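Here is a short report on one structure. It takes up a single residue, then a helix pair, then a sheet.

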Amino acid sequence: STLNNYNMLGAIIPAQSSVTVSKVEFFVNNSKVAEDAIAPYTSDWTPTTAGIYTCYAQAISNNTPIAYSDTISVVFQNATEEETPIPANTIAIMLQLDAPPTDFSIQKTPLRFNKRIAYSLTLDDGLSDAFTVAKPLFQGGTIAANNTAYPGLFYTDGCGNNQSFRAGISVFSVNNSEEDLHSGTNGTYLTWQQIDNLYENNWDIYNHSYNHASRGWNSSGQLNDPFPTSIYNYQVTANAAYIQSHTTNQISTTHFIVPSGDDAYYQPALNNQMKAVYNQSWQLIGGGGTGVAVGSNFSLKNLVMNRVSIEDNITNINNALSNVNSLATEQNPIWYNEFTHNVGSFNGPIGGGLQFNTFRSYMQNIADVYGKNGSDVVWFAPLQEVCEYLQVEQTAVVSHTIEGNQIRLLVNLDSVA
């Protein structure tokens, strides 16, 4: 509210005939600003600066306080000054403090919630157990395949609020006969409705090419000759358009997961509005092994990053993440990411995926050791979310003004891609 002054009413005095009120004193921020010896005991007070003020009054009899008013807080801003407009593409945050700050600085945290590890999990190919198994395990719910209810897996935001684990899903839309894989007739794959539901629950949806076309590998373990560039362009753009047109949320995919390690997708994906490209663990690019240090020298422009394939061996994968944790600090945090395909096999090992017991044990270990139940140093979030946070952290310009007890933060996003 904009006020020039504030009328402070007198304190409520107990109805005791033997008590005589000699005066009422008025206080602002615990400092006496006025007194009045004549009923009804009022005083006008005008602040000199904008800010938040706490006000109360006390009644005096024989130089002794005998009653107090309630304490109220009042926000003042100068009536003659217009509030500074918020610039375009800027977020404004107002902080209200108990007292004017004497020492204030602001720093952007390298990772969200000031975590030490960003862990990103991708489930490739848009398989149905991402919804029927991974989602209830992460966010709480019942897995029908084993008729078991799970409470969810969490880290915290540093203020005691639970944040559930979430993953990313890479989706290709059709088979080689251009039959829609997500129409609901093929139980192996997510339906479009399930993809929408995951998206609405803050899971990321990635472009994984239109029909998973890849040049493949020869008997010597080398990639075959690449397709014409036009094929790669079509695979990227056709899938982006198909996903957007078949989801209620009109999901726009801007991150690309390379199918079957075909690195000839890199430039066509980046040339067709993909902001980042992710490949497999055997490719010699950054991001594999012990992850990526996300300090000031980490470039996000035309990002091409590795992913580590999760093997179906609980000891090995727990040890790998433990190694990452030993290297990460708050000043030099690490972004570590892994992928797999199926996570809902209840009948033994499965190629390219994990048995459910391995998957559940691994995720539970992350929650118990690095999440809410342990050191709480992990930010468990999908690739795109982490990438976008890093873009904001690196390029957003933060400024502030101080007016009395108020700090106004301005976060300008003009330079955020």
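Ser120 lies in strand 9, which spans residues 117-123. The model is predicted. Ser120 has 0% relative accessibility and counts as buried, because the cut-off for buried is under 20%. Its side chain reaches the backbone oxygen of Ala381 at 2.8 Å. Ala381 is also among the residues in contact with Ser120 once neighbours within four places in sequence are set aside.

Next, the helix pair. Helix 1 and helix 2 pack with their axes 10 Å apart, at an angle of about 30 degrees. Angles under 35 degrees count as roughly parallel, so helix 1 and helix 2 are roughly parallel to each other. The contact between them has three nonpolar, two polar and one charged residues. The table lists the residues that meet.

| Helix | Range | Residues in the contact |
|---|---|---|
| Helix 1 | residues 129-139 | Ala130, Phe131 and Lys135 |
| Helix 2 | residues 192-200 | Gln194, Asn197 and Leu198 |

Three strands form an open sheet, in the order 8-24-23, with antiparallel pairing. Strand 8 (90-96) and strand 23 (397-403) stand at the edges. Each has a single partner strand, so one side of each is left without a neighbour in the sheet. On average, neighbouring strands of this sheet are turned by 20 degrees against each other, direction ignored.

How many bridges join strand 8 and strand 24? Strand 8 pairs with strand 24 (residues 406-412) over seven bridges, in the antiparallel sense. Leu95 stands opposite Ile407 in strand 24.

Note on methods:
Residues are numbered from 1 along each chain as its sequence is written. This is a predicted model: local features need pLDDT of at least 70, side-chain atom pairs count only at pLDDT 80 or more; totals for chains, interfaces and linings use all residues. Side-chain values use heavy atoms; hydrogens and water are left out. Helices (H or I, at least four residues) and strands (E, at least two) are DSSP runs, numbered from the N terminus. Buried means under 20% relative accessible area, exposed over 50%, partly exposed in between (1.4 Å probe, protein chains only). A polar contact is a pair of N or O atoms within 3.5 Å; within protein, one must be able to donate a hydrogen and the other to accept it, and residues adjacent in sequence count only if both atoms are side-chain atoms. Contact means heavy atoms within 4.5 Å. Axes are lines fitted to C-alpha atoms, for helices over the stretch in contact, and angles run from 0 to 180 degrees between N-to-C directions. Angles under 35 degrees count as roughly parallel, over 145 as roughly antiparallel, 65 to 115 as roughly perpendicular and the rest as oblique. Ala, Val, Leu, Ile, Met, Phe, Trp, Tyr, Cys and Pro count as nonpolar, Asp, Glu, Lys and Arg as charged, and the others, Gly among them, as polar. Two strands pair if DSSP finds at least two bridges between them.
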